[in-house]
Amino acid sequence: MPSNERQRREALVYHAKPKPGKIEVVPTKKYATQRDLALAYSPGVAAPCLEIEKDKNNSYKYTSKGNLVAVISNGTAVLGLGDIGPEASKPVMEGKGLLFKIFADIDVFDIEVDTKDVEEFIATVKRIAPTFGGINLEDIKAPEAFEIERRLKEELDIPVMHDDQHGTAIISAAALLNAVELAGKKMEEVKIVVSGAGAAAVSCSRLYKSFGAKAENMVMIDSKGVIRSDRENLTDEKREFASHRIIDSLDDAMKDADVFVGLSVADIVTPAMLLSMADNPIVFAMANPDPEIDYDLAVNTRKDLIMATGRSDHPNQVNNVLGFPFIFRGALDVRASKINEEMKKAAVRALANLAKQAVPEQVNIAYGETKLNFGREYIIPKPFDPRLLTEVPPAVAKAAMESGVAKEPIEDWQRYEDELYERLGGDNKITRLLLNRAKMNPKRVVYAEADHLDVLKAAQISRDEGVCKPILLGRREVILELMQEIEFENGDDIVIIDPKSDEQKEQVNAYAEKYWETSQRKGVTLYEAQKLLRERNYFAAMMVNEGDADALLSGYSRAYPTVVRPILDLIGMAKGVSRIAATNLMNTSRGPLFISDTSININPSAGDLARIAKMTSYILKMFGMEPVMAMISYANYGSSHHPEARKVKDAVEILHAKSPELLVDGELQVDFALNKEMLQSKFPFSKLAGRKVNALIFPNLDSANSNYKLIKELNKADSIGPIMMGLKKPAHILQLGASVEEMVNMTAVAVIDAQEKDKKRQAELSIE
Ligand SMILES: NC(=O)C1=CN([C@@H]2O[C@H](COP(=O)(O)OP(=O)(O)OC[C@H]3O[C@@H](n4cnc5c(N)ncnc54)[C@H](OP(=O)(O)O)[C@@H]3O)[C@@H](O)[C@H]2O)C=CC1
Ligand SMILES: CC(=O)C(=O)O
Ligand SMILES: [Mg+2]
């Protein structure tokens, strides 16, 4: 695991490079021509301006207002870091913007306001409110936060929510309902200790009350101790939770308590306090970034504990990230004027209920779990669960409609659900999915060019992430020196091999003998075999062949043929495969898209194309996706009889005859393949009609290679690959000069490939 210091440095580099910050503004309309610009700006822009002047509601029609939320802070209660000021709060606010976008496709401007004065703050927000469809107040300290939110809700007609109050309340209430049920207790009876009496703590406690918890069963504690009814100068909010019990400290309060809710500061709960709690205690230590008690310390102290923190690195992350994206999504989609109690409660129920549903495999994979199941370590859904977007916003939207605050009620719920699915589109989910899938069963990966700094960095990250056990090939002294430079700790799980060194001679000769056995009749002498095996790519391929490594990665510093030749020569093709091919996984704005064959077959025949499609379908399944593949041409379904179009048609016929179960069709032009509606209306008979295509099989190398590079460059889409298909054993070729990130991704691909059983590989790859 990376040390805290290393994580700190990584976080600084993450924020600084390749450009400072985490978000940017991206135009959504064409701007290529003079005509476009005349529409986007003067004179064309005057038309929507005048329409909005006539009716302000038109701003939802002609501007981005309806999907734009302001994340606003004055930096007075930033996470658990306290009053660090508006500038210092900006990374958190940008972070919220990133989360809004990736989880709910909501655009955000983060705004940091330099005032602690309540009236000034309110006036600032009110003045900028016309820009936005919603206002998310963030990290503003209590008691000011209460007044600010109350007034803005009253005085603005767009949804305003203080995330630390209500986002946190919604998530923790859902988690608490489930935890109380698992502990075999009742909300009406549980004794609750709340540490913190700020924005988050007060709102959480209020919501727990509305789900049955009793004020007389609660004890709230602030920085001065227990909030007792006999204490003087209490704010209204604190008075609401003042206890009549004559106790003074957290220590006293914890005795026999059923629930501890921490929304205060780090490390204030001790093991002794946990031990004094009732049976099956529930502890939500939600202070960020460090909880009120360390997760491991807590679970090691009591086995009957139900434990949650605000962090993502332990089970049960009770964090408002599960709330604000989805609550605002629902509110914006019905143009709600408020986020009211009914909407909050609907979100609580939807979240609590979702945790009890069977978890899709995709979520297990994303979290490197074998089987997430409702229980003590899974009381609340995981943030990367795609169902959050399809379950929570509809519940919130319905509640808004029923409670009369929806200005644009939804009429067609099926269509709304489809829209939400569309929003799930592309982001880094696929990368996360890959890494976590690999982590489930890490394999020994041989890096053939480990004496290159970036290759070594990729090996280091992959190892630290638990993705692989690296075997580092190259000049030992160079590797050791570079390892020191990047603080890559040399542990038991790392093997360094220099095939050219004397100590490796015996191994080289043993591999050479093996190689010679199979190649002596092809004109290779034993001496030549020995010479070849000292070459890193031959040695690496032989390691995989002989089961001394599970997968190999090479190609960072060498031309493609230098790497492919030994792989083909030594590892060879899987049974039933007559040609290898390569696919690239593109992380596009519409979701993951595979493109084949991007690297190997210059002009494949119809039979080859069918094989390439079959092998691509195997790779998709390997990544846990259902293949929906289009065979690409310049023509659509017989519109051209040219041999090039005919070839694709023939490939489709072969696939339909030999693999009828595959969702593949064509020949199709790219735009029809990628546009569901176009395809459905023009070719309703297509096997792909109404489907979201996730793989494009191009008719030749020219088109596949140019297209993947075009998407990569124009859309700045990440590309993972080329992923080799059809080899007997996992060997993958890196792009010349690949980035560290690309190599980490390829490591995950190689590991996942190695996780698949050889038998399955052969059955799946063959078209015959
Ligand atoms: N997991 C999640 O999703 C979320 C977690 N949080 C976390 O909750 C915490 C509070 O946030 P927020 O409510 O916005 O901030 P506020 O500034 O509004 O409240 C902080 C509260 O903590 C109290 N406090 C400080 N020291 C202690 C102590 N030693 N013992 C008990 N209480 C103490 C303060 O007491 P006093 O009133 O006397 O000053 C105050 O009531 C932060 O750590 C934050 O990261 C917040 C939102 C979401
Ligand atoms: C999660 C969050 O919003 C906080 O800790 O402040
Ligand atoms: Mg916050």
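User: How do the axes of α8 and helix α15 cross, and within what distance do they come?
Analyst: The two axes come within 8 Å and cross at roughly 45°. Helix α15 covers residues 341–354. With that angle, α8 counts as oblique to α15. Keep in mind that this is a predicted model.

User: Which residues of α8 and α15 meet?
Analyst: On the α8 side they are H166, I170, I171, A173, A174, L177 and N178. On the α15 side they are K344, A347, V348, L351 and A352.

User: How does the contact of α8 with α15 split by class?
Analyst: Nine of its residues are nonpolar, two are polar and one is charged.

User: And is the crossing of α8 and α15 left-handed or right-handed?
Analyst: Right-handed.

User: Next pair. At what angle do α8 and α9 cross?
Analyst: Roughly 45°, with the axes coming within 8 Å. So α8 is oblique to α9. The crossing of α8 and α9 is right-handed.

User: Which residues make the contact of α8 and α9?
Analyst: From α8: D164, Q165, H166, T168, A169, S172, A173 and L176. From α9: A199, A200, S203, C204, L207 and Y208. By class, the contact of α8 with α9 has eight nonpolar residues, five polar and one charged.

User: Ligands now. How many residues surround ligand 1, and which are the closest?
Analyst: 29 residues surround ligand 1. The closest are G80, G198, D222, S223 and G310.

User: Which elements each supply at least two residues of the shell around ligand 1?
Analyst: α8 (163–182), α9 (199–210) and β6 (218–222) each do. The element that gives the most to the shell around ligand 1 is α9, with three residues.

User: Which domains does the shell around ligand 1 draw at least three residues from?
Analyst: Domain 1 (4–158) and domain 2 (166–387 + 402–423), each giving at least three.

User: What surrounds ligand 2?
Analyst: L79, D139, D163, D164, N288, G310, N319 and N320.

User: How do the residues of the shell around ligand 2 divide?
Analyst: Into one nonpolar, four polar and three charged.

User: Zoom out. What does the domain assignment of the chain give?
Analyst: It gives domain 1 (4–158), domain 2 (166–387 + 402–423), domain 3 (433–499 + 535–571) and domain 4 (581–725).

User: How far apart are the C-alpha centres of domain 1 and domain 4?
Analyst: They lie 40 Å apart.

User: Backbone check. What kind of peptide bond joins N288 and P289?
Analyst: A cis one, with omega about -5°. P289 sits in the loop between β9 (282–285) and α13 (295–301). Its partner N288 is one of the residues around ligand 2.

User: And what joins S42 and P43?
Analyst: A cis peptide bond here too, with omega about 10°. P43 is in the loop between α2 (34–40) and α3 (46–54).

User: What about phi at N280?
Analyst: N280 has a positive phi of about 45°, although it is not a glycine.

User: Where is N280?
Analyst: In the loop between α12 (271–275) and β9.

Terms used
Residues are numbered from 1 along each chain as its sequence is written. Chains are lettered from A and ligands numbered from 1 in the order in which they are written. This is a predicted model: local features need pLDDT of at least 70, side-chain atom pairs count only at pLDDT 80 or more; totals for chains, interfaces and linings use all residues. A residue is near a molecule or strand if its C-beta atom, placed from the backbone, lies within 6 Å of it. Helices (H or I, at least four residues) and strands (E, at least two) are DSSP runs, numbered from the N terminus. Domain bounds come from an automatic or database domain assignment. Axes are lines fitted to C-alpha atoms, for helices over the stretch in contact, and angles run from 0 to 180 degrees between N-to-C directions. Angles under 35 degrees count as roughly parallel, over 145 as roughly antiparallel, 65 to 115 as roughly perpendicular and the rest as oblique. A crossing is left-handed if the near helix is turned anticlockwise from the far one by less than a right angle, and right-handed if clockwise. Two residues are in contact if their C-beta atoms, placed from the backbone, lie within 7 Å. Ala, Val, Leu, Ile, Met, Phe, Trp, Tyr, Cys and Pro count as nonpolar, Asp, Glu, Lys and Arg as charged, and the others, Gly among them, as polar.
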